[in-house]
Amino acid sequence: MSNQQDKRRSFRVNESAYVKYDVISDQQFFDGIDQYRMQLGVDDGAQAKLIDLDARIIESMHRVFAENERAGKVLELLNDKINMLAEQMPGLRKSKSDLLKTSPQVCDVGADGLVFSASERLPVGTKLYLRFLLSSDNRYVETFCMVVRETKSPHNGANDGLAYGAAVEFHGMKPSQREILIQHMFSLESETLRMRRLQLDNADA
């Protein structure tokens with residue numbers, strides 16, 4: 001892996017997100033996420049394909065924007081229209097509504113993992129079925145993951161009632177979905193830098 005790829009994958013941002021997880025067994029982990037969703041009775045092949053297609057569209061959209069902004073905006077409008085239709089799918093709508101019943105928390109989001117707060121201790125090696133919804137753009141992600149480090153609850157005070165912290169590494173996430181997390185993080189950081197520059201310019205004026 002090149003140094004540039006390393007930087008992209010290790011880059012992290014602080015982000016507000018709705019987070020839910022289930023502790024799963026080693027066997028469930030090795031059977032894979034599709035099998036686990038079937039066990040839950042929430043298997044929806046169309047939903048899974050839509051999540052992956054959405055990730056791939058956004059990945060392509062960023063590339064088109066870099067070459068032709070007008071074409072990129074057309075793709076963005078088409079993607080927004082598709083997303084409106086996808087939101088009506090019962091499975092995806094239920095997944096998001098279940099997450100929105102929880103309180104958002106401040107997480108450290110990366111392309112390879114997440115640091116989040118929990119109400120219980122999650123020892124190293126614990127395997128999870130993780131779902132999270134990014135507050136800033138309503139991006140829904142579901143993946144298997146493994147706890148690689150126990151931490152203090154990140155950003156104490158922002159995650160009330162969640163005394164424990166866990167750093168997890170994603171497993172089985174499709175490359176297209178990982179790429180949109182990377183693009184999301186860089187977009188968020190670029191916007192933060194832009195706002196800082198505006199504040200500095202206004203202070204100097």
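Buried residues are those under 20% relative accessible area, exposed ones are over 50%, and partly exposed ones fall in between (1.4 Å probe, protein chains only). Helices (H or I, at least four residues) and strands (E, at least two) are DSSP runs, numbered from the N terminus. The model is predicted: local features need pLDDT of at least 70, side-chain atom pairs count only at pLDDT 80 or more, and totals for chains, interfaces and linings use all residues. Residues are numbered from 1 along each chain as its sequence is written, and side-chain values use heavy atoms, with hydrogens and water left out.

Strand E4 is covered on both faces. Lys127, Tyr129, Arg131 and Leu133 are buried on one side. Leu128, Leu130, Phe132 and Leu134 are buried on the other. In total, eight of the eight residues of E4 are buried.

The strand belongs to a barrel. Six strands close it in the order E1-E2-E3-E6-E5-E4, with antiparallel pairing. From one strand to the next, the twist averages 50 degrees. Axes are lines fitted to C-alpha atoms, for helices over the stretch in contact, and angles run from 0 to 180 degrees between N-to-C directions. Two strands count as paired if DSSP finds at least two bridges between them. In general, strands of a sheet pair through backbone hydrogen bonds, either parallel or antiparallel.

E4 is antiparallel to E1, and eight bridges join the two. Ile24 has Lys127 of E4 as its bridge partner. Eight bridges also join E4 to E5, again in the antiparallel sense. Here Leu133 is partnered by Tyr140 of E5. E4 and E5 form a hairpin with four residues between them. Asn138, in the turn, has a positive phi of about 60 degrees. Asp108 has Val115 of E3 as its bridge partner.

Helix H3 (residues 33-40) lies across strands E1 (12-24), E4 (127-134) and E5 (139-152). It runs at about 105 degrees to E5. Arg37 lies in H3. This residue is buried, with a relative accessible area of 4%. Its side chain makes a polar contact with the side chain of Glu142 at 3.1 Å. A polar contact is a pair of N or O atoms within 3.5 Å; within protein, one must be able to donate a hydrogen and the other to accept it, and residues adjacent in sequence count only if both atoms are side-chain atoms. The C-alpha atoms of Arg37 and Tyr129 are separated by 9.5 Å, although the two residues are 92 apart along the chain.

Nonpolar packing was examined next. A nonpolar core is a set of buried Ala, Val, Leu, Ile, Met, Phe, Trp, Tyr and Cys residues joined through side-chain atoms within 4.5 Å. The largest such core has 25 residues. Leu114, Phe116, Leu130 and Phe132 have the most contacts inside it. E1, E2, E3, E4, E5, strand E6 (164-171) and helix H7 (175-204) each supply at least two of its residues. A second, separate core has five residues, including Ile24, Phe29, Tyr129 and Phe144. Contact means heavy atoms within 4.5 Å. Neighbours within four places in sequence left aside, Leu114 is in contact with residues including Arg12, Cys107, Leu130, Phe132 and Phe170.

Charged pairs were searched over the whole structure, giving seven salt bridges. A salt bridge is a side-chain nitrogen of Lys or Arg within 4 Å of a carboxyl oxygen of Asp or Glu. One joins the side chains of Asp22 and Arg131 (3.5 Å, N to O). Asp22 lies in strand E1 and Arg131 in strand E4, so the pair ties together parts that are 109 residues apart in sequence. Asp22 is partly exposed at 23% relative accessibility. Arg131 is buried at 12%.

Another salt bridge links Glu69 and Lys73 (3.4 Å, N to O). These two are four residues apart in helix H5 (residues 69-86), so about one helical turn separates them. Lys73 is partly exposed, with a relative accessible area of 42%. Asp98 and Lys101 also form a salt bridge, with their closest N and O atoms 3.8 Å apart. Asp98 counts as partly exposed at 22%, whereas Lys101 is exposed at 69%.
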